[in-house]
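Biologist: I would like to learn how to read a few features of this model. Let us take them one by one.

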Amino acid sequence: MPTDSSPVLSFPHRAVAQITLHNPPVNALTRPATRRLHAVLRELARDATIRAVVLTGERVFSAGSDISEMPEMQNDGDVLARKSIFENATLDLLAELPLPTVAAIDGFALGGGLEMALCCDLVVADAGARLGLPEIDLGVIPSSGGTMRALRRVGQARAAELVLLGEPIAAETALEWGLINRVAPQGASLSVALDLARTLARKSRSAVHANKRALELAFGPSPYEPARQALPVFEEAFGSTDGREGVRAFLAKESPRFR
């Protein structure tokens, strides 16, 4: 389990904040980590001295939700109340932050990790990084708006590949598809993201916020609303026989035996 300081907030450059996910070995987004991220984002939204934010992970970006938390929520049937509603609200807070945000992906961003990265305005990934929404192999669906945000970035056909096949794609493919903005040399995603953040920090804070809002309006309603509407679909899949089997098999390191 992460400590109360995970994720870690730091300030590597003047007017630039860095949020570092730190929950070894794969920076799983546990419920305590989500609460901490929510608090950090609220703090940054109120800080007039910050002009840009970088979101990264320690060694790797994030493998998404902590699967070990899931069995108890399947048994109780309360995954929405205990996890998904608050997690959706937290990622929406990231997406609607008035500050420009840059995700720096090292290693991999999978499931909820990729959902989180796609909430950022710009995404940088290391050469060799892998990105994907593999929830289908757990017998469930992306539960925090990833389907909608991927659809906005890459269109229907490629979003269908991500969510239906569940196979991670290379950073170079993600760039070609338009899922991310830059591919950095191996080990350089954070430095490239920080360079972009420094550039963004020199822009007008009010103009950046206005441009973010204008881009959002061009797509219509926020992805949060359709993501909220999809939560009952997620709950149904999560508590289904196949959802239980997918979680069981993952934790047992076995291949699932879906019906």
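Modeller: Start with Ser-144, in the loop between strand E7 (130-132) and helix H5 (146-154). Helices (H or I, at least four residues) and strands (E, at least two) are DSSP runs, numbered from the N terminus. This is a predicted model: local features need pLDDT of at least 70, side-chain atom pairs count only at pLDDT 80 or more, and totals for chains, interfaces and linings use all residues. Residues are numbered from 1 along each chain as its sequence is written, and side-chain values use heavy atoms, with hydrogens and water left out.

Biologist: Is Ser-144 buried or exposed?

Modeller: Buried means under 20% relative accessible area, exposed over 50%, partly exposed in between (1.4 Å probe, protein chains only). Ser-144 counts as buried because its relative accessibility is 1%.

Biologist: Which residues is Ser-144 in contact with, leaving aside its neighbours within four places in sequence?

Modeller: Contact means heavy atoms within 4.5 Å. With those neighbours set aside, Ser-144 touches Glu-87, Asn-88, Leu-91, Glu-115 and Arg-149.

Biologist: How do I read the sheet with E7?

Modeller: Strands of a sheet pair through backbone hydrogen bonds, either parallel or antiparallel. Here two strands pair if DSSP finds at least two bridges between them. The order is E5-E7-E8, an open sheet of three strands with mixed pairing. Strand E5 (108-110) and strand E8 (169-170) are the edges, each pairing on one side only. E5 and E7 are parallel, over three bridges. Leu-110 has Gly-132 in E7 as its bridge partner.

Biologist: What about E1 and E2?

Modeller: Strand E1 (residues 8-13) and strand E2 (residues 16-21) run antiparallel, joined by four bridges. Ser-10 is bridged to Gln-18 in E2. The two strands form a hairpin with two residues between them. Ala-15 in the turn has a positive phi of about 75°.

Biologist: How many aromatic pairs does the structure hold?

Modeller: A pair of aromatic rings is described by the distance of the centres and the angle of the planes. Rings of Phe, Tyr and Trp (its six-membered ring) pair if their centres lie within 6.5 Å; planes under 30 degrees apart count as stacked, over 60 as edge-to-face and the rest as tilted. The structure has one such pair. Phe-234 and Phe-238 are tilted, at 5.4 Å centre to centre and 40° between the planes. Both sit in helix H10 (residues 224-238), four residues apart, about one turn of the helix.
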